[in-house]
Amino acid sequence: MVISHHIADGTLHVRILHELNVTDRAAAALRIESLVHAHRPERVAVELPSRSPSPMTFSALARVQRMCQSLGVPLTATAPGGSPLSPFGPETGAPRPQWLEHGARHNH
């Protein structure tokens with residue numbers, strides 16, 4: 001299992017249980033996407049496994065963020081313990097990095 005989740009007060013809370021690798025990043029992203037489509041939450045909150053997530057963990061998170069954005073569902077990401085991670089979440093006010101818009105590949 002790579003994620004756990006629960007729904008409370010219209011928010012889908014997802015916890016990524018460990019740093020993702022090439023083998024499980026797609027599975028994690030697909031599972032979160034499936035949960036969003038099945039439950040249609042008002043917002044999604046993702047707790048990452050560490051303050052410095054691996055590139056594969058960020059890749060999965062970026063994929064989920066793009067999907068949430070296309071559905072108009074706000075997404076926030078936090079480190080363990082709940083501290084927000086920039087640049088995720090509308091309240092940060094920071095400009096969105098280009099890799100969030102186009103993914104990790106530069107073939108656009």
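This is a predicted model: local features need pLDDT of at least 70, side-chain atom pairs count only at pLDDT 80 or more; totals for chains, interfaces and linings use all residues.
**Entry 1**

Residues are numbered from 1 along each chain as its sequence is written, and side-chain values use heavy atoms, with hydrogens and water left out.

**Entry 1: the chain as a whole**

I looked up the secondary structure, where helices (H or I, at least four residues) and strands (E, at least two) are DSSP runs numbered from the N terminus. The protein has 3 helices and 4 strands, and I read their order from the N terminus as β-β-α-β-α-β-α. Of the 108 residues, 37% count as buried. I noted an accessible surface of about 6,000 Å² (Shrake-Rupley method, 1.4 Å probe; for residues, only the protein chains shown count as cover), and carbon and sulfur atoms hold 54% of that surface. For contacts, meaning heavy atoms within 4.5 Å, I found that among those with a separation of 6 or more, 65% join residues 24 or more positions apart.

Which side chain of opposite charge is nearest to Asp24? I found Arg25, at 7.7 Å, and although Asp24 is buried, Asp24 has no salt bridge; in this count Lys and Arg are positive and Asp and Glu negative, with His and the chain ends not counted, and a salt bridge needs a side-chain nitrogen of Lys or Arg within 4 Å of a carboxyl oxygen of Asp or Glu. A polar atom of the Asp24 side chain does lie 2.7 Å from the backbone nitrogen of Asn21. Leaving out residues up to four places away in sequence, I listed Val2 and His18 as the residues that Asp24 touches.

Asn21 lies in the loop between β2 and α1 as well, and I recorded Asn21 as partly exposed because its relative accessible area is 36%. I also checked Asn21 against Ser59, 38 residues apart along the chain, and their C-alpha atoms are separated by 9.8 Å.

**Entry 2: salt bridges**

Side chains of opposite charge can pair when their charged atoms come close. How many salt bridges does the rule give? I counted 3.

One of them joins Arg15 and Glu47, at 3.8 Å from N to O. Arg15 lies in strand β2 and Glu47 in strand β3 (residues 43-47), so this pair ties together parts that are 32 residues apart in sequence. Both ends came out as partly exposed, Arg15 at 41% relative accessibility and Glu47 at 27%.

I then looked up Glu33 and Arg63, whose side chains meet at 3.1 Å, N to O. This pair links distant parts of the chain, with Glu33 in helix α1 and Arg63 in helix α2 (residues 55-71), 30 residues apart. Glu33 counts as buried because its relative accessibility is 14%, whereas Arg63 is partly exposed at 31%.

I recorded Glu42 as exposed, with a relative accessible area of 52%, and Arg43 as partly exposed, at 37%.

Definitions and conventions:
Buried means under 20% relative accessible area, exposed over 50%, partly exposed in between (1.4 Å probe, protein chains only). A polar contact is a pair of N or O atoms within 3.5 Å; within protein, one must be able to donate a hydrogen and the other to accept it, and residues adjacent in sequence count only if both atoms are side-chain atoms.
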